[in-house]
Amino acid sequence: MILGRVVGRVWATRKDARLGGAKLLVVRPHGVYEPALATGHLVAVDHVDAGVGDDVIVALGRPARLAPGGQAGAGAQPADDSHPVDAAVDAAILGVVDRVELDASASARPGAAPGIRRPLPALGGRA
Amino acid sequence: MIRGTIIGSVWATRQAAGLAGRKLVLVAARDADGRASGRVVVAIDTLDAGAGDDVTVAFGSGARNVLAPGPDNRALLCDAAVAAIVEGAA
């Protein structure tokens with residue numbers, strides 16, 4: 001998972017059926033994580049009713065692909081709602097961050113991430 | 001899996017189903033030479049690792065097996081989990 005901030009929302013009417021009514025949010029990863037495609041942002045399905053300005057936890061890759069419960073396209077979701085369907089998704093928001101605590105000694109150690117030594121300004125106000 | 005160092009913790013009250021109560025840690029990833037790569041990832045920690053610990057982090061479907069082994073774990077929304085606390089490496 002990575003940390004990022006919700007900076008916008010995407011609407012789409014014509015889309016893969018298994019996306020159903022999924023809410024799509026634009027997330028800008030925090031500076032300590034560079035997105036693989038160097039786009040500076042990613043679009044993620046929202047499972048926790050996050051909003052613009054929220055700091056969020058985003059899961060990437062195959063584990064993110066389950067369709068939002070009960071919102072899958074007609075016929076795609078099993079009747080008992082217990083099994084997720086494979087959706088055209090590779091990023092999903094799984095939590096809204098309340099607080100981040102950095103351990104000063106661990107992050108200052110040689111070998112720790114160089115970028116983490118500076119404060120995380122986007123997260124500072126949410127302690 | 002990757003190697004990394006735990007540098008902090010993350011708290012989130014609003015979480016996807018199945019993850020409630022799980023401990024989340026910030027891990028600074030290392031590159032192939034053991035140096036800091038500059039990337040930081042969030043991982044679920046079931047081993048009670050602490051800040052400063054060197055760990056390996058499993059990504060993708062393997063991370064769900066750390067949380068709940070078996071074919072029934074596909075509904076877990078988790079792509080990174082601490083798989084081991086490293087005591088030594090050569």
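# Close-up views of a two-chain model

**View 1. Chain B at a glance.** Of the 90 residues in chain B, 40% are buried; a residue is called buried if 20 or more other C-beta atoms lie within 10 Å of its own, exposed if 12 or fewer, and partly exposed in between, with C-beta atoms placed from the backbone. Keep in mind that this is a predicted model, where local features need pLDDT of at least 70, side-chain atom pairs count only at pLDDT 80 or more, and totals for chains, interfaces and linings use all residues. Residues are numbered from 1 along each chain as its sequence is written, while chains are lettered from A and ligands numbered from 1 in the order in which they are written. Chain B has 1 helix and 6 strands, where helices (H or I, at least four residues) and strands (E, at least two) are DSSP runs numbered from the N terminus.

View 2. Chain B averages 87, and 100% of its residues reach 70 or more. Among the elements of chain B, strand β6 (residues 80-85) has the highest mean pLDDT (94) and α1(B) the lowest (85). For the complex, the predictor gives an ipTM of 0.82 and a pTM of 0.78.

**View 3. Chain A and its strands.** Chain A holds 2 helices and 6 strands, and along the sequence they come as β-β-β-β-β-β-α-α. Of its 127 residues, 38% are buried. Zoom in on strand β1 (residues 2-10) of chain A: it runs antiparallel to β4(A), joined by 4 bridges, and strands count as paired if DSSP finds at least two bridges between them. In this pairing, A:Ile2 has A:Val58 of β4(A) as its bridge partner. β1(A) also pairs with strand β2 (residues 24-29) of chain A, again in the antiparallel sense, over 6 bridges. Here A:Arg9 stands opposite A:Leu25 in β2(A).

**View 4. A loop residue, A:Thr13.** You'll find A:Thr13 in the loop between β1 and β2 of chain A. A:Thr13 counts as exposed because it has 4 other C-beta atoms within 10 Å. Now look for A:Ser105, which is 92 residues away along the chain: the C-alpha atoms of A:Thr13 and A:Ser105 are separated by 49 Å.

**View 5. Where the two chains meet.** The contact takes 36 residues from chain B and 38 residues from chain A; residues are in contact if their C-beta atoms, placed from the backbone, lie within 7 Å. On the chain B side, the elements giving two or more residues are β1 (2-11), β2 (14-15), β3 (23-30), β4 (36-45) and α1 (61-67). That side of chain B splits into 19 nonpolar, 10 polar and 7 charged residues.

**View 6. The nonpolar core.** A nonpolar core is a set of buried Ala, Val, Leu, Ile, Met, Phe, Trp, Tyr and Cys residues joined through C-beta atoms within 7 Å. The largest one has 56 residues, and those with the most contacts inside it are A:Val58, A:Ala92, B:Val42 and B:Ala43. β4(B) gives the most to this core, with 6 residues. Leaving out residues up to four places away in sequence, A:Ala92 touches A:Ala44, A:Val45, A:His47, A:Val58, A:Ala59, A:Ala64 and B:Leu77.

**View 7. Two Asp residues with a positive phi.** Most residues other than glycine have a negative phi. A:Asp49, though, has a positive phi near 60°, and it sits in the loop between β3 (42-46) and β4 (55-60) of chain A. B:Asp48 also has a positive phi, about 60°, in the loop between β4 and β5 (54-59) of chain B. A:Asp49 counts as exposed because it has 10 other C-beta atoms within 10 Å, and B:Asp48 counts as exposed with 9 C-beta neighbours inside 10 Å.

Terms used. Contact = placed C-beta atoms within 7 Å. Nonpolar A, V, L, I, M, F, W, Y, C, P; charged D, E, K, R; others polar. pLDDT = per-residue confidence, 0-100.
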